[in-house]
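My notes follow, entry by entry.

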Amino acid sequence: MTLEKSKHRVSAAREETEARGETFYPGASRIHLAAYPPKERWDDWVELDPQAWPQRKERHYTLVPTTCFNCESACGLLAYIDKATGEVQKFEGNPEHPGSRGRNCAKGPATLNQITDPDRILYPLKRVGKRGEGKWAQTSWDEVLDELAGRIRNAIVEDRRQEIMYHVGRPGEDGFTERILAAWGIDGHNSHTNICSSSSREGYQLWMGLDRPSPDHANAKVIFLISAHLESGHYFNPHAQRVIEGKTNGAKLIVFDTRLSNTATHADHWVSPIPGSEAAILLAIANYLIQNNLYNREFVRRWWNWEEYLSMEHREVDPTFENFEQLLKELYQSYSFEFAGKESGVDPSMLEEVAKCVSTAGTRLSTHNWRSASSGNSGGWQVARCLFMLNALMGAIATEGSVFPNAWNKFVPKPIYTPPHPKMWNETTWPREYPLSMNELSFLLPHLLKDGRAKLDVYFTRVYNPVWTNPDGFSWIEALTNEDLVGCHVALTPVWNETSYFADYILPMGLGSERHDIHSYETHDSQWLGFRQPVMKAARERLGEEICDTREVNPGEVWEENEFWLELSWRIDPDGQLGIRQYVESRKNPGERLSVDEYYEWIFENSVPGLPQKAAAEGLKPLEYMRRYGAFEIATKVGALYEETIPPEEIEDGRQDQFGRVYTATPKPASPNIVPLPTIDPDPEGRRFVGVNIDGTLKRGFPTPSGRLEFFSRTLADWGWQEVAIPTYIRSHVHPENMAADQSVLISTFRLAMQIHTRSSNAKWLNEIAHTNPLWIHPSFAKRIGVGTGDLVRVETEIGYFVVHAWVTEGIRPEVVACSHHMGRWKTHEQGARQMMATVKLDHQNTKWGLQREKGVEAYQSSDPDTLRIWWSDVGVHQNLTFPVHPDPVSGMHCWHQAVRVNKAEAEDKYGDISVDTNKSRAVYQKWLAMTRPADTHSPDGTRRPYWMLRPLKPAREFYRLAGENDPAASSSRDF
Ligand code: SF4
């Protein structure tokens with residue numbers, strides 16, 4: 001069909017639909033058949049039953065929106081609930097969702113497989129054998145709640161609050177559980193972020209005070225990705241569709257990826273660098289822009305903190321912009337294309353072409369780096385910093401087609417209750433060796449426990465599988481099986497996972513369509529709020545039923561977390577004496593527990609601008625509106641908020657510091673829901689930073705200590721990292737000079753588009769498409785070690801080895817190997833995801849561990865006839881078990897790339913074999929710990945961490961002080 005013809009069909013379809021008074025959604029395709037059901041017919045949507053063909057048998061559906069929970073993008077879904085059976089027939093995209101616009105990746109519709117998975121956990125389970133022995137008995141929610149409430153209450157009353165920890169993988173919500181922990185008065189939040197994205201976050205935060213980029217790909221002239229973003233990046237589907245839109249509109253696409261990913265195949269410029277050299281290339285591009293005066297001089301003059309840089313580092317020169325420009329040229333002149341070519345193994349002329357392409361972007365340069373090179377390498381946080389430097393040079397920040405600070409493209413509504421900051425500091429999650437870490441040192445937990453620094457009384461893991469996902473899984477098993485270190489482990493999970501085998505309780509939590517959450521992410525230059533909801537509750541309420549508890553509509557006794565946490569908190573403090581109950585009590589019915597309906601009703605009625613009006617226009621209450629449509633767009637085209645002039649009433653007086661920072665005692669931003677208040681130190685009179693003087697006008701600026709974009713990070717300089725205080729290239733731990741001659745780099749971080757960590761292993765459609773993870777190896781490398789595709793290779797790390805099949809491909813650099821981290825799931829007992837978990841045997845003698853595969857997956861009888869059709873047996877190899885911890889001394893990020901020796905497997909090796917010595921893991925942990933610059937010796941002001949830096953669940957200000965022997969901060973305190 002020609003473009004003209006398809007456009008004609010679209011407009012004809014639009015006219016026809018709108019003539020019926022219905023909403024027309026053009027859909028992802030130009031052909032009207034790809035459009036979505038008009039929202040006016042969501043109560044009774046009719047489709048023909050394909051299985052009844054050639055009969056025209058109608059099926060009637062009620063369509064209920066919810067949000068996908070299979071990655072962090074939070075795309076909208078529509079559940080098609082068959083009115084005759086009362087069951088979900090399928091999930092498709094929700095066209096009312098501003099981020100995903102009705103489009104999903106394969107994992108979205110596969111939510112159907114997850115809710116019907118015959119192997120899912122349906123009832124609360126209690127361990128009855130030894131930990132890890134695999135013996136379970138069904139228990140009741142009441143028993144679990146009473147046991148946990150009692151333990152937690154005792155820990156609070158006995159001031160052992162550091163012994164309670166909630167360790168979350170994918171939150172999928174905006175702050176609900178953090179507020180529960182704050183209500184308990186504990187600093188017990190632990191995250192997965194330091195094995196995921198903290199390195200990039202660090203780089204972005206150092207520049208702009210906010211830790212994530214929000215690229216406007218659709219309107220860019222040049223799109224620059226350091227990742228496989230089109231198949232698996234952060235905010236994958238919402239971004240990928242906008243990258244393609246940008247390309248369709250003529251944007252050039254630059255991709256850095258050592259592998260020939262599907263994203264690389266779409267690039268105009270594909271650069272395959274030696275892993276770890278990315279920052280060297282980025283600085284060569286920056287140098288090209290600087291030496292040739294191709295940067296946005298006026299933007300740099302107005303918004304970079306160059307005056308602060310000169311005053312701190314170059315007192316010998318007059319603080320003029322011209323002198324700064326001269327210094328800039330000198331600082332980066334050594335980053336030639338030849339230098340970058342040598343470091344990266346890429347032809348310098350190709351790098352020059354890329355630089356020229358970047359220089360054509362003007363302010364329409366959208367860039368993104370998230371995991372990838374940042375997460376692979378020590379010093380990886382400088383990759384994000386050097387990439388963002390290109391935006392900062394071009395003035396491509398918060399302009400159309402550029403990159404926005406995430407908080408400006410995201411909306412976090414005020415909740416019904418805001419408990420105060422906890423009055424304690426948890427050293428188990430925020431050890432003093434890492435004062436500048438972006439997030440909790442979560443993956444060091446077993447080592448910190450073994451060090452004797454702490455023990456845990458109640459440890460929750462939630463959507464988190466550290467035994468499998470984290471590096472050094474055997475050290476996790478050692479810690480989790482030691483009841484002196486972990487008193488009670490509670491796994492909150494919808495599915496079996498390797499970590500749940502070492503739990504005392506396994507509690508079945510709702511999947512994406514069985515729970516409530518709200519979320520908002522920086523998918524483009526807009527602000528939206530999405531609402532995840534249990535679809536069967538919404539459907540039955542449409543029929544007039546009253547549903548008070550999600551267990552009434554979920555399978556078995558599957559519960560949702562909101563209700564679980566509210567009830568647990570209620571039982572911890574039944575009489576209100578601990579001060580907890582007040583945060584989970586109904587306002588409408590004092591004396592009763594807050595319900596989930598009231599919680600969201602309050603938010604939607606009171607803190608989402610425009611929602612009550614929009615709902616009223618349709619004769620709905622705000623909660624009804626969100627239940628009906630699943631998402632609401634608050635603002636579009638947010639623009640350059642840093643240029644906003646501060647209204648005079650926000651500024652108490654005209655006093656400014658030497659760099660033009662403006663303070664106020666009572667900050668009242670013009671857009672309180674849009675501009676995050678910077679948490680910069682108040683001045684001695686208690687006034688807070690609110691903006692910055694730019695050429696005589698007081699502007700909102702950025703939430704950095706200087707109010708400007710921080711080319712120079714005084715924070716880094718003050719805390720002992722002066723040599724890296726400006727964007728620089730740090731040679732990675734896998735730089736050739738840091739490896740032996742017979743070692744190669746293993747890239748272990750890449751995702752497959754159809755799988756995601758633990759969560760997708762119970763989705764049969766996805767499992768059929770992608771279920772194994774052979775080692776990518778170049779033909780020249782394969783020839784050198786004498787292997788071909790399908791042969792076994794042994795990959796030796798610092799602490800052990802794994803045995804895997806080779807896949808010989810030219811889609812990888814000759815000296816590098818790669819293995820996807822989504823595979824290699826295992827179980828030691830019958831219980832588990834039988835479609836994706838091999839059955840294995842664990843060997844253990846002292847610190848020596850082994851894992852051998854006993855059998856792969858096979859067809860089996862279940863409530864789903866498709867499980868008899870399973871044709872695959874290979875589910876990959878669990879490589880992460882063989883990786884030691886590599887905490888970056890600045891960001892705290894685990895640096896994933898491994899220096900490995902790859903050889904043909906030995907005669908006794910079998911597929912899937914793993915061997916590890918956890919003594920070696922300890923030695924590597926200690927080696928990396930010794931690289932840190934701890935707060936005790938490097939804090940400039942006696943605190944543990946710069947207060948302005950982001951931190952989930954910030955403790956009260958006084959607990960930032962390093963504890964002395966007689967200091968109250970040495971322990972915790974709480975006013976009861
Ligand atoms: S990108 Fe895919 S997995 Fe992620 S939220 Fe969207 S549909 Fe779900």
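This is a predicted model: local features need pLDDT of at least 70, side-chain atom pairs count only at pLDDT 80 or more; totals for chains, interfaces and linings use all residues.

**Entry 1: a buried threonine**

I started with Thr809, which is buried, with a relative accessible area of 12%. I found Thr809 in the loop between β27 (800-808) and β28 (816-818). Leaving out residues up to four places away in sequence, I listed Trp776, Ile777, His778 and Pro779 as what Thr809 touches.

**Entry 2: around the ligand**

Which residues sit around the ligand? I noted Cys68, Asn70, Cys71, Ser73, Ala74, Cys75, Asn104, Cys105, Lys107, Gly108, Phe236 and Asn237. Sorted by type, the shell around the ligand comes out as six nonpolar, five polar and one charged.

**Entry 3: two helices**

Next I looked at a helix pair. Two packed helices are described by the angle between their axes and the distance between those axes. For helix α9 (residues 278-291) and helix α13 (residues 337-344), I have an angle of about 170° and axes 9 Å apart. That makes α9 roughly antiparallel to α13, because angles over 145 degrees count that way. From α9, the residues in the contact are Ala280, Ile281, Ala284, Ile285 and Tyr288, and they meet Phe337, Phe339, Ala340, Glu343 and Ser344 of α13.

**Entry 4: the cores**

How many residues does the largest nonpolar core have? It has 89, and those with the most contacts inside it are Phe224, Trp304, Phe324, Met389, Leu709 and Phe711.

Then I took Leu709 from the list for the largest core. Its place is in the loop between β23 (697-699) and α25 (714-718). Is Leu709 buried or exposed? Leu709 is buried, with a relative accessible area of 0%. Not counting residues up to four places away in sequence, Leu709 touches Trp207, Met208, Phe299, Trp303, Trp304, Asn305, Phe388, Ala392, Ile397 and Phe702. I also checked Leu709 against Leu485: they are 224 residues apart along the chain, and their C-alpha atoms are separated by 44 Å.

Pro124 lies in the loop between α2 (111-115) and β5 (125-127). I have Pro124 down as buried, with a relative accessible area of 0%. Pro124 and Tyr505 are 381 residues apart in sequence, while C-alpha to C-alpha they are 7.2 Å apart in space. Apart from residues up to four places away in sequence, what Pro124 touches includes Trp141, Val144, Ile506, Leu507, Pro508 and Glu557.

Met394 is in helix α16 (residues 381-394), and is buried at a relative accessible area of 4%. From Met394 to Arg364 I count 30 residues in sequence and 8.6 Å in space, C-alpha to C-alpha. Neighbours within four places in sequence aside, Met394 is in contact with Leu289, Leu294, Asn296, Val358, Ser359, Gly362, Thr363 and Leu365.

His269 is in strand β12 (residues 269-271). Its relative accessibility is 14%, so I put His269 down as buried, the cut-off being under 20%. With residues up to four places away in sequence left out, His269 touches Leu253, Ile254, Val255, Glu353, Val354 and Cys357.

I noted a cis peptide bond from Trp53 to Pro54, with omega near 10°. Pro54 lies in the loop between β1 (45-48) and β2 (58-67).

I located Ser372 in helix α15 (residues 372-376). At 25% relative accessibility, Ser372 counts as partly exposed.

Asn846 also went into the notebook, with phi near 50°, a positive value in a residue other than glycine. Asn846 is in the loop between β30 (838-845) and β31 (848-855). Its relative accessibility is 70%, so Asn846 counts as exposed.

Terms used
Residues are numbered from 1 along each chain as its sequence is written. Side-chain values use heavy atoms; hydrogens and water are left out. A residue is near a molecule or strand if one of its heavy atoms lies within 4 Å of it. Ala, Val, Leu, Ile, Met, Phe, Trp, Tyr, Cys and Pro count as nonpolar, Asp, Glu, Lys and Arg as charged, and the others, Gly among them, as polar. Axes are lines fitted to C-alpha atoms, for helices over the stretch in contact, and angles run from 0 to 180 degrees between N-to-C directions. Helices (H or I, at least four residues) and strands (E, at least two) are DSSP runs, numbered from the N terminus. Angles under 35 degrees count as roughly parallel, over 145 as roughly antiparallel, 65 to 115 as roughly perpendicular and the rest as oblique. Contact means heavy atoms within 4.5 Å. A nonpolar core is a set of buried Ala, Val, Leu, Ile, Met, Phe, Trp, Tyr and Cys residues joined through side-chain atoms within 4.5 Å. Buried means under 20% relative accessible area, exposed over 50%, partly exposed in between (1.4 Å probe, protein chains only).
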